[in-house]
Amino acid sequence: MTSVFGIPVAVILGQLMLGLVNGSFYAMLSLGLAVIFGLMGVVNFAHGAFYTLGAFAALLGLQLFGINYWVALIVAPLAVGVLGMLIERLLLRRVYGLDPLYGLLLTFGLALVCEGSLNQVFGATGQSYPVPPALEGGLNLGFMFLPLYRAWVIAVSIVVCFSTWYVIERTRLGATLRAAKENAPLLQSFGVNVPLLVAGTFGGGVALAALAGVLASPIVLVNSHMGSSLVVVVFAVVVIGGMGSILGAIVSGLVLGLVEGLTKVLYPEASDIVVFVIMALVLILRPAGLFGRD
Amino acid sequence: MRAVAVVYALLGLFALCVPLLGIYPVFMMQVLCFAMFACAYNLLLGFGRMLSFGHAAFFGAAAYATGWLVTAHAWGPGAAILAGVAVAALLGLVVGALAIRRQGIYFAMITLALAQLVYFVCLEAPFTGGENGLQGVPRGRLLGLLPLKSDLVLYYLVLAVFVAVFLFIRRVVHSPFGQVLKAIRDNEPRAISLGYEINRYKLLAFVLSATLAGLAGSLKALVFGFVTLSDVQQSTSGEVVLMTLLGGTGTFFGPVVGAAVVTTLQQYLSDLVGGWVIAIIGAIFVGCVLSFRRGIVGELAALRLRRPRRPRP
């Protein structure tokens, strides 16, 4: 049993693992989108731009200040999260209460500003970020070769995603957040600082995207459009999973990454479009999305 | 009302005289193609309140179809344009049928994702020239008679088509169909309870919009003589949203103004500031959403309404 359909098992497993790595990014990004949408009702079109910013923060931190990977993993998402909170306070706040389409258009404009500036300053060609020494190399599992860094990405993403789910669905903070969505004035009358909570939510969702960007920087080339191509797939993932559900966002992200990896083995030409085709099928069969509630 | 008629007359006169004024006709054709594109888009966003983020798919697919038929199969421009428009209409039917199953923000995400699918097909398909696109698309002779090689002849053709599209959209919006579309835009549950099959209206609006966007794309392919991936790209979808928003959604002339402003900015700003133009366009977008939601024409119309009427003599 070393090959299935004439394809070596090691190749299949290798592609599945790469798919799971992509799925980890899809999961983290769609989770951030779901958190922001679920609690604020805003679709953050700039989510890909914040992912790109996270990667650039790590890269520039290393080049300018010699900040290593482990510090960047904490500092870059924090910095981007604070930027997100500022954006929420200064700009996004002004479109609350209007048609949600305006939030989408506003964040789309922000994404253009961010990506256009990065492109102009750093050029269109990508720069590479070194894999941290502790995670270089890989393990030979006998049936396949497991690069350590990729295993690390998958592990971090799963831990982060499920902790986020736990915080929102099972803790007091999460209950407060959900209460803010349900009835903000009432919560405010209990003495909770709701505007701060909302800004924090946006900052948190955006920080998740930035964390994904830092995690991705040693695997992909860091460039200004790394986020915009990814975010379209993430939107499709969100349509498939249904944005109302946090767990749905995580699971559909991971599964669709796997499906994409599998397509790369079986029919490589379709690997770029398979997620979109699945989205079309889901829309025909179950328009509210697999985990959708509306 | 009289002032509006005067403005239209002056604009018509200006459009007719463009070649005499020494304005580069290819640039004017570019403006007209994008104005047509934005008007088509406005039919959907302004009158149907459906925010599509994938309209470049129809614009670009029609451009590719026309370009390919003219270049590889030596079709005449008229037939190739019709074929391009048919491709856009068919694509609009498929994308629209899927997208109208959800509303609002989901609608935007679905159209974006499906347009990305079209983009990948254009990137990989054997007849699109991949990264290079289609180069050297000949303009040929319309119906074997009119030599479109001349910029002047093509300019008047594009102008005529544009005027026809503009008037057609006005007609559609003022028709019973357009009234129902606006009723759905303003209050969907009410339209349903009045017994309208809203999905049929939405789908028809989507297909019409896609078809006219395709017409703009086909003409653009002939005007420039090339079709590239940027015609089907996400950024082009974003541009047409900006043109419509900046000019004024739901106004007839707004998209034309928006297209003229954005195209001119891109042309002249890129000489001044180079690649910063994308960031500047993004900033205009943000500014528009924050403080200029009615757009240029919409704000002007609101001003006219607010100004006290002069007493009649």
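## A tour of two chains

Let's begin with chain B, which holds 13 helices and 2 strands. Its radius of gyration is 19 Å, close to the 20 Å that the globule rule gives for 313 residues, so chain B is as compact as a globular protein of that length. Please keep in mind that what you see is a predicted model.

At 1.5 Å a residue, its 21 residues should span 30 Å, and the end C-alpha atoms lie 31 Å apart, which agrees. Is helix 5 of chain B mostly covered or mostly open? Mostly covered: of its 21 residues, 16 are buried.

Now for chain A, where you will find 11 helices and 4 strands. For its 294 residues, a compact globule would have a radius of gyration near 19 Å, and the 19 Å of chain A agrees with that.

Here are the two chains, one per row.

How confident is the prediction for chain A? The average pLDDT of chain A is 87, and 98% of the residues score at least 70. Which parts of chain A have the lowest and the highest confidence? Strand 1 (residues 3-4) of chain A is lowest, with a mean of 70, while helix 3 (residues 69-90) of chain A is highest, at 93. As a reading tip, where pLDDT is low, the predicted coordinates should not be read in detail.

Finally, look at where the chains meet. There, 33 residues of chain A are in contact with 31 residues of chain B. On the side of chain A that touches chain B, at least two residues each are supplied by helix 4 (100-122), helix 9 (226-241) and helix 11 (274-285) of chain A. Which helix gives the largest share of that side? Helix 4 of chain A does, with 15 residues. Sorted by class, the side of chain A that touches chain B has 24 nonpolar, 6 polar and 3 charged residues.

Conventions:
Residues numbered from 1 in each chain as written. Chains lettered and ligands numbered in written order. Predicted model: local features only at pLDDT ≥ 70, side-chain atom pairs only at ≥ 80, totals over all residues. Contact = placed C-beta atoms within 7 Å. Nonpolar A, V, L, I, M, F, W, Y, C, P; charged D, E, K, R; others polar. Rg over C-alpha atoms; globule rule 2.2 N^0.38 Å. Expected span 1.5 Å × (residues − 1). Buried ≥ 20, exposed ≤ 12 C-beta atoms within 10 Å, placed from the backbone. pLDDT = per-residue confidence, 0-100.
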